[in-house]
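Try each task before reading its solution.

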Amino acid sequence: RGAWQDQKFNVHYEYTGFGDVNTAVDIPQTQTSWGIGLRTGVDSTWFFTPNWSLYGNLATNFLYNHFTVDGDAKSYATATPADTQYLANLKRQEQALQPVIELAMGLGYDIWFANDAYHFGVRAGWEEQFWLRNNYLSEYAQPSVGGDLSLQGFVLKARLDF
């Protein structure tokens with residue numbers, strides 16, 4: 001399995017400091033990661049008529065992943081944004097073994113034709129992916145390792161085999 005991800009995380013907050021000066025802090029960050037690894041799992045189909053079925057899939061992945069985080073933290077008075085003060089240059093690289101879990105379940109319809117030389121199948125279901133330990137972004141200029149990435153949604157697939 002291979003993966004490539006680009007993420008952006010922008011923090012902006014304002015507060016009133018000493019002398020009633022309104023101050024703003026911006027911390028824009030980007031995280032780029034790529035990974036490669038092994039995937040194993042089970043793809044199962046249970047037919048309850050010759051054409052209709054339920055399917056369920058489970059897979060686990062173990063990716064060697066390389067994370068790169070880049071960004072700048074800056075502070076400025078909101079009345080004079082030209083007077084920007086850079087607080088930190090956020091650069092970080094990490095390598096990690098990242099587990100990924102995939103789940104899928106749904107309904108399928110299959111038909112074979114031309115003396116079973118061809119097969120057409122349609123699947124409709126719900127899939128989820130859990131990318132564990134996916135966040136290496138800095139939280140308020142403090143490095144963190146936390147936060148998982150979860151993707152889920154309705155999936156419609158069609159295939160033709162010959």
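**Exercise 1. The largest pocket**

Task: find which strand gives the largest share of the lining of the largest pocket.

Solution. Begin with the share itself: strand 5 supplies five residues, the largest share of the lining. Strand 2 (22-47), strand 3, strand 4, strand 5 and strand 8 (149-161) each give two or more residues to it. Finally, take the volume: the largest pocket holds about 380 Å³ of space.

**Exercise 2. The nonpolar patch**

Task: list the residues that make the nonpolar surface patch, then state whether Trp52 is buried, partly exposed or exposed.

Solution. The patch consists of Trp46, Phe48, Trp52, Leu54, Met105 and Leu107. Its area is about 660 Å². Two elements give two or more residues each: strand 3 (52-77) and strand 4 (80-113). Now take Trp52, which sits in strand 3. Its relative accessible area is 39%. Buried requires under 20% and exposed over 50%. Trp52 is therefore partly exposed.

**Exercise 3. Confidence**

Task: decide which element has the lowest mean pLDDT and which the highest.

Solution. Start with the chain: its mean pLDDT is 89, and 94% of its residues reach 70 or more. Then go to the elements. Strand 7 (residues 142-143) has the lowest mean, 58. Strand 5 (residues 118-131) has the highest, 97. Last, apply the caution: where pLDDT is low, predicted coordinates should not be read in detail.

Terms used. Residues numbered from 1 in each chain as written. Predicted model: local features only at pLDDT ≥ 70, side-chain atom pairs only at ≥ 80, totals over all residues. Heavy atoms only, no water. Patch = residues over 30% accessible without salt bridge, like charges linked within 9 Å, V, L, I, M, F, W, Y side chains within 5 Å. Areas by Shrake-Rupley, 256 points an atom, 1.4 Å probe, with all protein chains shown as cover. Salt bridge = Lys/Arg side-chain N within 4 Å of Asp/Glu carboxyl O. Helix = DSSP H or I, 4+ residues; strand = E, 2+ residues; numbered from the N terminus. Buried < 20%, exposed > 50% of the residue type's maximum accessible area, 1.4 Å probe, protein only. pLDDT = per-residue confidence, 0-100. 1 Å grid on protein atoms, 1.4 Å probe; cavity = no way out; pocket = protein on both sides within 12 Å on 5 of 7 lines; lining within 4 Å. Points joined across faces, edges and corners; volume = space filled by probe spheres on them.
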